[in-house]
Amino acid sequence: MSQVTTQPSINQIWEWLDAVPDPEIPVISLVDLGIIRDVAWEGETLVISVTPTYSGCPATAVIALDIETALRGHGVTDLRLKTQISPAWTTDWLSDKGRAKLEDYGIAPPQAAGGPEKCPNCGSTEVTKVSQFGSTPCKAHWRCQDCLEPFDYFKCI
C-alpha cells in the first residue's frame, strides 16, 4: 500500500465509497444505501459524514471500520468519520440503483404504501405479510401466494 502524496478528488473518494458494501445487505453499497451524507477535505483531513439507518443499528461500528479500511487501502491516512444524526436517515435516500439491486437480490425495496408492490422473485402482486420482523430490524418477512417463496421487505422509514 502506498501513501497518497496528493489529495484524491472528492469524486474519486465517492467512487471508492461506492465499492464498500453494506455489512447486512452486501449487494448494495453504503452510497446506494444513502448513509454517506458528505465527503469533504478539511485541510489535510478527509472527513466522511455518515448517518446511521437508525440509532440502534448494530452494523454502525462495522460500517465505520469498513469505510476506514477501504479509504486507508487507497492511501488516505488522515481520516475522520463524523456521525450525522440530523436529518434522520430515511428509505427515500436509497438510490434507484440500490433499489434495483435489492430487488435482484430477492429483497423487496421499500414502498410508500408500507408493503411490497410485488414479489421480488416472480413479480406476482399476490403477497402477504408473515411478520413485521424479518432477518434484520429494518426488514419485514413476507410470502408470495403464487410462487410460495418467502422474502424480506425493506421497511419504509
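Q: What makes a residue such as Lys97 "partly exposed"?
A: Buried means under 20% relative accessible area, exposed means over 50%, and partly exposed lies in between. In this predicted model, Lys97 has a relative accessible area of 40%, so Lys97 counts as partly exposed.

Q: Why is the contact between Asp18 and Lys97 called a salt bridge?
A: The label needs a side-chain nitrogen of Lys or Arg within 4 Å of a carboxyl oxygen of Asp or Glu. For Asp18 and Lys97 the closest N and O atoms are 2.9 Å apart, so the pair meets the cut-off. The two residues come from distant parts of the chain: Asp18 sits in the loop between H1 and H2, Lys97 belongs to helix H4 (residues 96-105), and 79 residues separate them. As background, side chains of opposite charge can pair when their charged atoms come close.

Q: Is Asp18 buried, exposed or partly exposed?
A: Asp18 has a relative accessible area of 27%. That value is between 20% and 50%, so Asp18 is partly exposed.

Q: How do you know that Lys97 and Asp32 form a salt bridge?
A: Their closest N and O atoms are 3.7 Å apart, which is within 4 Å, so the label applies. This pair also links distant parts of the chain, with Lys97 in helix H4 and Asp32 in helix H2, 65 residues apart.

Q: What makes Asp32 count as buried or exposed?
A: The relative accessible area of Asp32 is 2%. Buried means under 20%, so Asp32 is buried.

Q: Which residues are linked in a network of salt bridges?
A: Asp18, Asp32, Lys97 and Lys101 are linked in this way. A search of the whole structure finds seven salt bridges.

Q: Why do Glu103 and Lys118 count as a salt bridge?
A: Their side chains meet at 3.4 Å, N to O, which is within 4 Å, so the pair qualifies. Glu103 lies in helix H4 and Lys118 in the loop between strand E4 (107-108) and E5, 15 residues apart. With a relative accessible area of 21%, Glu103 is partly exposed, and Lys118 is partly exposed at 31%.

Q: How do you know that the span of helix H3 agrees with its number of residues?
A: H3 covers residues 60-73, which is 14 residues, and at 1.5 Å a residue the helix should span 20 Å. Its end C-alpha atoms are 20 Å apart, so the two values agree.

Q: Why can the buried residues of H3 be said to line one face of the helix?
A: The buried residues are Ile63, Ile67 and Leu71. Seen down the axis of H3, they fall within an arc of 55°, so they line one face. The face turned away from that buried side carries the exposed residues Ala61, Leu65 and Thr69.

Q: What covers the buried residues of H3?
A: The cover includes helix H1 (10-17), helix H2 (30-33), strand E1 (36-42), strand E2 (45-50) and strand E3 (79-83). Just after H3, Gly75 takes a positive phi of about 95°.

Q: What makes E1 and E3 the edge strands of their sheet?
A: The sheet is open, has three strands in the order E1-E2-E3, and its pairing is mixed. E1 and E3 are the edge strands, as each pairs on one side only. Neighbouring strands of this sheet are turned by 20° against each other on average, direction ignored.

Q: How do you know that E2 and E3 are paired?
A: Two strands pair if there are at least two bridges between them. E2 and E3 share five bridges in the parallel sense, so they pass that test. Within E3, Arg80 stands opposite Val47. H1 packs on the sheet, touching E1 and E2, and its direction makes about 140° with that of E1. H3 also packs there, touching E1, E2 and E3, with its direction at about 155° to that of E3.

Q: How many bridges join E6 to strand E7?
A: Five bridges join E6 to E7 (residues 150-154), and the strands run antiparallel. Five residues lie between them in a hairpin, and Leu148 in the turn has a positive phi of about 65°. E6 (residues 139-144) also pairs with strand E5 (residues 127-131), in the antiparallel sense over four bridges.

How values were computed:
Residues numbered from 1 in each chain as written. Predicted model: local features only at pLDDT ≥ 70, side-chain atom pairs only at ≥ 80, totals over all residues. Heavy atoms only, no water. Expected span 1.5 Å × (residues − 1). Buried < 20%, exposed > 50% of the residue type's maximum accessible area, 1.4 Å probe, protein only. Arc of directions from axis to C-beta. Contact = heavy atoms within 4.5 Å. Axes fitted to C-alpha atoms, helices over the stretch in contact; angles between N-to-C directions.
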